[in-house]
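Welcome, and please take a moment to look over the sequence and the model below. We will then walk through them together, piece by piece.

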Amino acid sequence: MSYETDIARIETIVGELERSEVPLDDALRLFEEGIERLRAASAALMQAEARVRKLIEESDGGFTLADFES
Amino acid sequence: MKRGSRRPAPQAELLEPQLFPVAEPPRAYGQRALMAAMSLAVPQVPGASPESAMSVELLTQQAKDVVEGAFPRLWIRGEISDFKSYRSGHWYFCLRGATAQIKCVMWSRDQRGVPTAPADGMQVVALGQPTVYPAQGSLQCTIFAIDAVGDGLWRKALEEATARLRADGLLEPSRKRVLPRLPRRVAVITSPDGAALRDIIAVMQRRCPTVEIVLIPAKVQGDGAPADLARAIDSVTRWGQVDTVIIGRGGGAREDLWAFNSEPVARALAACAIPTISAVGHEVDITLCDLVADHRAATPSAAAEAAVPVLAEARAEAAAMLIALREALVRQVQRRRDRVGRAAHDLRVGVSRAAERRGARMTAIAGKLHALSPLATLARGYAVARDDSGATLGSITDFVPDVDFDLLLRDGIVRATTRSVRTADEDR
């Protein structure tokens, strides 16, 4: 699940909750889903500092990443 | 055809300047040309007399030798005309000046360095070897290189490649993919020691330090750069562990950017399975890579900005969404509470209105009832006569003499007996 699908889904949920009256059960379920997705999206924003790496193609066609000092 | 069967070369040393009417032969005239010219003056060579008449083959062959000997390969400036490309791949055309022209041929094997076929009317400089074509007895040039004056030839090549990409649908706006808003990994195809890479790393780490940058080193200019770039794009596609691809280089002269105008590179980029950003220099020129990429950035820094959000802003956005989500739910509940409240109020109002209406009616009916009640009449001093069965005795005919009946008064009942009856008229 990518960051933008999460964000887009949350936007849809907010819109749905704002626009129309949904049955209370559904409203609660939507809210919970929104919170869950928001948690996932926020996790993507909180990852550790990433480095710069270099892609190396092996002779067997596989790929490895090596640190790259810029 | 035998070549130079009567080559006068050995006599060269014997030349005397005074044999020539012109004291100083033109500098362009080479040694062999001088010899050839001299040979006409020597009696024993063919063509000196009707008896020794020279064959056309020999003449044209010797003319060819003379011309080729006289001119080294040289650059010629002129305008292309009558351009024809034969099925063999060889090109035939004329180079034209204002008042003169020379036929030219360019063999297909010599065309590799030329970006595309020149067009009629194009101003060019061409590296050629003047020669004679014996079959037609004509002066012509064998061409080894062509450069358009200005960038005409490059532009033409670019236009042709663009047209081919367009014909294949690779320039359709509908092909443009949306870039991921928050990529975890961004691949950068560029030179490992170029300014472009430094700029991209700096901007991305400033905006969004959580994003991992993966360099795919590639040669961005010079021989082999197009093949290297295409290979790098292909590697990224096969590897696939990346969300966005930036391909580019820092600013440079137009010819330095040419690898990004390579059709194979553009096609590889169009085929890339991952959303792409092109970032080729600061030039106003748009390269083929710019045309096929999902997003075009004017500079590597701009590409980095397009690739990643400012992390702080994204976090603020997430925080705002949490608030929006909560408020939306609260509003749902609020709306429900409001509705219940409204319903209760309506109900109360309805009930009391109904009660009021009912009350009013009761009063009216009660009044009517009251008015109609015989008790009220009694209250005013009247009496009602009733027989023992309870029937009201309303007429004299109801009274039977000597039979008892009740007389209802306001405060009680009187037992009475009928003595006699008479009509109202008799009473009067």
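Let us begin with chain A, where residues 24 or more positions apart account for 31% of the contacts with a separation of 6 or more; two residues are in contact if their C-beta atoms, placed from the backbone, lie within 7 Å. This is a predicted model, in which local features need pLDDT of at least 70 and side-chain atom pairs count only at pLDDT 80 or more, while totals for chains, interfaces and linings use all residues. Residues are numbered from 1 along each chain as its sequence is written, and chains are lettered from A and ligands numbered from 1 in the order in which they are written.

Chain A holds two helices and two strands. Here helices (H or I, at least four residues) and strands (E, at least two) are DSSP runs, numbered from the N terminus. Along the sequence, their pattern in chain A is α-α-β-β. Of the 70 residues in chain A, 20% are buried. A residue counts as buried if 20 or more other C-beta atoms lie within 10 Å of its own, as exposed if 12 or fewer do, and as partly exposed in between, with C-beta atoms placed from the backbone.

Chain B has 11 helices and 13 strands. Its 428 residues include 26% that are buried. In chain B, 64% of the contacts with a separation of 6 or more involve residues 24 or more positions apart.

How do the two chains meet? On chain A, 34 residues are in contact with 31 residues of chain B. The elements of chain A that each give two or more residues to this side are α1 (3–19), α2 (24–44), β1 (52–57) and β2 (63–67). The most comes from α2(A), with nine residues. By class, the side of chain A that touches chain B has 21 nonpolar, five polar and eight charged residues. In this count Ala, Val, Leu, Ile, Met, Phe, Trp, Tyr, Cys and Pro are nonpolar, Asp, Glu, Lys and Arg are charged, and the others, Gly among them, are polar.

The chains are also joined strand to strand. β1(A) runs parallel to strand β7 (residues 212–217) of chain B, and three bridges link them; two strands pair if DSSP finds at least two bridges between them. One place to look is A:Val52, whose bridge partner in β7(B) is B:Ile213.

An open sheet of seven strands runs in the order β2(A)-β1(A)-β7(B)-β6(B)-β8(B)-β9(B)-β10(B), with mixed pairing. At its edges lie β2 of chain A and β10 of chain B, each pairing on one side only. On average, neighbouring strands of this sheet are turned by 25° against each other, direction ignored. Helix α8 (residues 300–307) of chain B packs on the sheet and touches β6 (185–190), β8, β9 and β10 of chain B, its direction making about 160° with that of β9(B). For such values, axes are lines fitted to C-alpha atoms, for helices over the stretch in contact, and angles run from 0 to 180 degrees between N-to-C directions.

Five of its five residues are buried, so β9(B) is largely enclosed by the rest of the structure. B:Thr276, B:Ser278 and B:Val280 point one way, while B:Ile277 and B:Ala279 point the other way. In a regular strand the side chains alternate between the two faces of the sheet. On one side, strand β8 (residues 244–249) of chain B runs parallel to β9(B) and is joined to it by five bridges, with B:Arg249 opposite B:Val280. β9(B) is also joined by three bridges to strand β10 (residues 295–297) of chain B, again in parallel, and B:Ala279 has B:Ala297 as its bridge partner there.Finally, turn to helix α5 (residues 225–239) and helix α6 (residues 263–270) of chain B, which pack at an angle of about 10° with their axes 8 Å apart. They are therefore roughly parallel to each other, a term for angles under 35 degrees, with over 145 counting as roughly antiparallel, 65 to 115 as roughly perpendicular and the rest as oblique. Among the residues making the contact are B:Leu229 and B:Ile233 of α5(B) and B:Val265 and B:Leu269 of α6(B).
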